[in-house]
Amino acid sequence: MSVYKKEIMFIISFLAIFIFWLNMGGSMSASAERIEVITEKREINPIVHWWQIDNGDFRAENWNGPVETTNAGSVNKPFPKDKEVRARLDLRNYPMPNTFHNVNDDEDTYPASRVKGIEGTNPEWSETNGVTYKGISKGMFTIDVLEIAVETGISYMPDVVVQYGNSGPPNYNPKFHVAYPVKMWVQWKGYIETDDKPDPDPNPGGPSCSIDFVVGDGGSQKKSKLEPLPSGSISSDSGEFDVVKGIPSSEYLRADAQSEEYLYEQDFVQKTGKTVFNNIHARKEFTLTWETKHVDKEGNVSYDSHTDTVTKETTVGGIERPFSYWQIVKYNIWNLTHSEFTNYALPGQFLSINAFTNVTANGKHSDNVKDHVFPPECPDIDLPSETIDGGSSRPSVPDISGEAKSVAESQIGQNQVANDKAEFKGSVIMNDGRTTTNGPTPSNVPEPGMIQMTARELLIDSLKTNYFQSRSTGNVFYAPVFSIDGSASNKNFPFDVNVVTVHTPVVIYSRATDDKEHDQRIKPPLRSTPSDPDKDRHAFILDRPFKVTMPTSGQHRNIPGYGNRDYSKYIKEKQVMFPFDVYTATKQGFYPANTWISVPVDMENVEFFLPVWVPEGQYTIKFRSFAINALTSGNFGGSEHHANTTIPNPAFNVSPAGSLSAAHVATDSIEVDVVGRLYDFHVTDITDYNWKSAFRQDDGVTPTKDSYWVGLDGIDGAPRGNTNPFVLPVRHGSHPKGYQNVAVKTGYKFRFDMKTKGDMESINDAIRIKPTFYHVSKDGKRRQPVDLYYHDDSNYFIKIGSEKDKTYRTVSLNETMRNVPQNELNNNALHYYNFADRFNLKETTNQYYETAFARYYAKHMSKEPVKTGPYGWQILNWQLRTYMGPLANQVPQNTMVPPKEIVTKEQTWYGEYSLPANLYVVPKDSNVPEAGRVGMLNENHRLFLQDGYIIVNFDLETINESDTTNPYLSYYNAHYMSQWTDMEGFKNSFVDGFGNMFDLQEGDVIFYHADQSSLDDFKSSVTH
């Protein structure tokens, strides 16, 4: 019986061990189930960006490099031609749903943290396929990379069309950025591994064993950086300018921003506690022995041995094993995606700069303690068997609880634990590997470094008007990289950015030639030393070229990049306006008065020609220079003298800056005086018989066309064409026949004429001649000023130039020997006829038709004698003047002076002069009456100079409008120049045929013999 019991107990024990082995996962049972899971569809929005390049084509990025297409639109409305673009999209950059569900049961959901083998699946085109793009192909390239091919271009609808710059020189065509959204749908799939039973048996050792989890909070690691410290600036790309103070349009900006690479929110909590093991099954086999005593009837004593096997079973509990692990409460990571700027000066007033970061994060989280604490197996305790000898009675089985608990304490191991998992930038900061008792303390997310974002070559549109300190804004943007609970969303943060002043400089410091070398005015305005174009009045001489200088350089604001420099880069046009008519330098072009004349920006000096008909007087020349950003109409954005240095300038209101703008045009002006000419004086005839052959051919009438000019040069100093001896003064030795001792005898007259240009056409304009006289010895050594005396019918010894000098000369214009050109006489007649009231000829002209009056004028009026004055002075008035200017058909028809009056703007003045035949010459200021009281006064008196030569010197002046007290032009007594010498080349000495040198003075016209008279040739009673 005892043996049986033992066998039975052995079999039972083996079966228990076998069943325990099966429950512990022996090969005879399948303990895990794999569940396929998937997410709901999630929208993703990749974008195809087309950027226009300088040649007008468009460029986009393919996954394996750039792809280009042509412009299918226009220059101002460009769009890319339809083109296929391939892209590979990293789905890790798109937010994945936090929840998966069983592919066969939508209600059976699982957190993403429990899903294994996650990969993208089921990409679909959205409803915008065919609207903003055309889908061509799609498919998963790898488990987390989606490859797509789409067509975008002019046939589809973009959501961004914005100008971002221009193509640069020479056309500066706008360049555009065109973006097409490619809306799609995608899902993620994976699997869950779980046990057969939803709730595994917490007691691996059998149904009676239980493990309880006691959990509390321990330490924590809570840390975050949710507010970055971004900063940024806009500056000059070249570093040349301080953009706060000013930078011109057409220059380039750079934008710089910096901010933390990422933001994070970390809340890690340590969970501490213990597992408590209860109902641990324990058993112990006891062998009980004892003897019983028997006394039979006979009294015999015997002993029976008894053996019994008893298995004592019990349960123990209260076995504790500590644990700690780390669990994620919050784990959010954001990476810096880009920065944005706004400012008036930026292309399109907006800029986005991508941030190049490499921030990755991942994590896994469970709130269930059973996913973190893995208790040891709950043992089935078999205590060592024990034999108990009860002696004479069956012994009792002792309590085994204490022994069982002691053995349980020694057999139950420590808990295995696992943290939640957190990864950051490829490193594990919370390790979810299993450890004994305590999960490792996680690391903190490291503090982020700063990321620099820079954009360069940001063109300021050349047309952008000036704007003082235009306001800027800046923002940085962060997008979620990972969020353990899905709570993270996009963030953006502003930062301060400096203002930008768009100020395109423009200057005009104009100058003009001051033709003082030809300014014959007696009292011109005096010039500064050195010359100052802002204050000095410049002389422009009629019928002469002049030059204006319009530099693109000059002084501007004293700020970086400006100052005194060349600004041609920023000037689109220069103009000058004359308040009088001008020709181009070659006279191929004509500009009427008050016409703005454009001058090439790179041309600094421009030559013009002043027409002869421009009225003399004071004028203001205006200059202006346009900045490249000047408006095209109205006041062009305002103007400022010399340079647009004032900013802000409240005098102007220019959109969009309003009163914070500046002028866009620089202006300048120069004061000028238009001045005429007095020139070409020459002696054309002498009535002295000895000089007849110098002017007349053998017939005594036909002119030789020779005359005696001031010098060998013409009006402006160029050779005239005459040769010696035909230069002034007419003297002994200057006869073309070579007569060395023949001067002119007194009493003979000489004829002359001269020319003027300018306003000398009226009835009150005249030429005044003031003769002075000199005596020079025949050897030329003694020259002295003298007074000349003569007798008339009533008086003796009349001093020329005195009050008694009243013998008036009369001169006829159209005298035969004067040879006045017929066309000049016709010009006079026509003008007098058309403007008779100006010359008090209305009554006369009313009697004739035009052609008849011309004949009358030539035959009669022009031959009438005209009083010119006594010996001491001569006035050549309008009756001794002819008009020789351009005719109406020789000038433009839109001149400032009526074309038919322009003929009057050039004049010839005709005159003649002689000394009395019977002449008395005395040193200047000699007291002739006193000499008569001392001794008999006759021609033989020693006071009189008897031989040598009398030199007649003319001072020639113009008289405007009868103002004899203020003569205007002088032939050689002008303030700045002498036409007589400087231009026409008068020589101040000569050597006669006998080797004698004679010094000359400006104005010397003719030598008369002091000792020879016309009376020697003719016994005439008429004083010549």
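Mentor: Two strands pair if DSSP finds at least two bridges between them; strands are DSSP runs of E of at least two residues, helices are runs of H or I of at least four, and both are numbered from the N terminus. The model is predicted, so local features need pLDDT of at least 70 and side-chain atom pairs pLDDT 80 or more, whereas totals for chains, interfaces and linings use all residues. Residues are numbered from 1 along each chain as its sequence is written, and side-chain values use heavy atoms, without hydrogens and water.

Trainee: Which residue in S47 does Phe-540 stand opposite?

Mentor: Strand S36 covers residues 537-541. S36 pairs with strand S47 (residues 665-675) in the parallel sense, over 5 bridges. Within S47, the residue opposite Phe-540 is Val-674.

Trainee: How many residues of S36 are buried?

Mentor: Buried means under 20% relative accessible area, exposed over 50%, and partly exposed in between, with a 1.4 Å probe and protein chains only. Arg-537, Ala-539 and Ile-541 lie on one side of S36, with His-538 and Phe-540 on the other, and both faces are covered. The count of buried residues in S36 is 5 of 5.

Trainee: In S29, which residue is the bridge partner of Gln-416?

Mentor: The strands S24, S26 and S29 form, in that order, an open sheet with antiparallel pairing. S24 (373-374) and S29 (435-436) are its edge strands, each pairing on one side only. Strand S26 (residues 416-417) is joined to S29 by 2 bridges. The partner of Gln-416 is Thr-436.

Trainee: Is Cys-378 buried or exposed?

Mentor: Cys-378 sits in the loop between S24 and strand S25 (381-389). Its C-alpha atom is separated by 26 Å from that of Asp-217, 161 residues apart along the chain. Because its relative accessibility is 1%, Cys-378 counts as buried.

Trainee: How does H4 lie relative to H6, oblique or parallel?

Mentor: The axes of H4 (residues 822-834) and H6 (residues 850-859) come within 9 Å and cross at roughly 125 degrees; axes are fitted to C-alpha atoms over the stretch in contact, with angles from 0 to 180 degrees between N-to-C directions. Angles under 35 degrees count as roughly parallel, over 145 as roughly antiparallel, 65 to 115 as roughly perpendicular, and the rest as oblique. H4 is therefore, relative to H6, oblique.

Trainee: Which residues in H6 meet H4?

Mentor: Contact means heavy atoms within 4.5 Å. From H4, the residues involved include Leu-825, Leu-830 and Tyr-833. Their partners in H6 are Glu-850, Phe-853, Ala-854, Tyr-857 and Ala-858.
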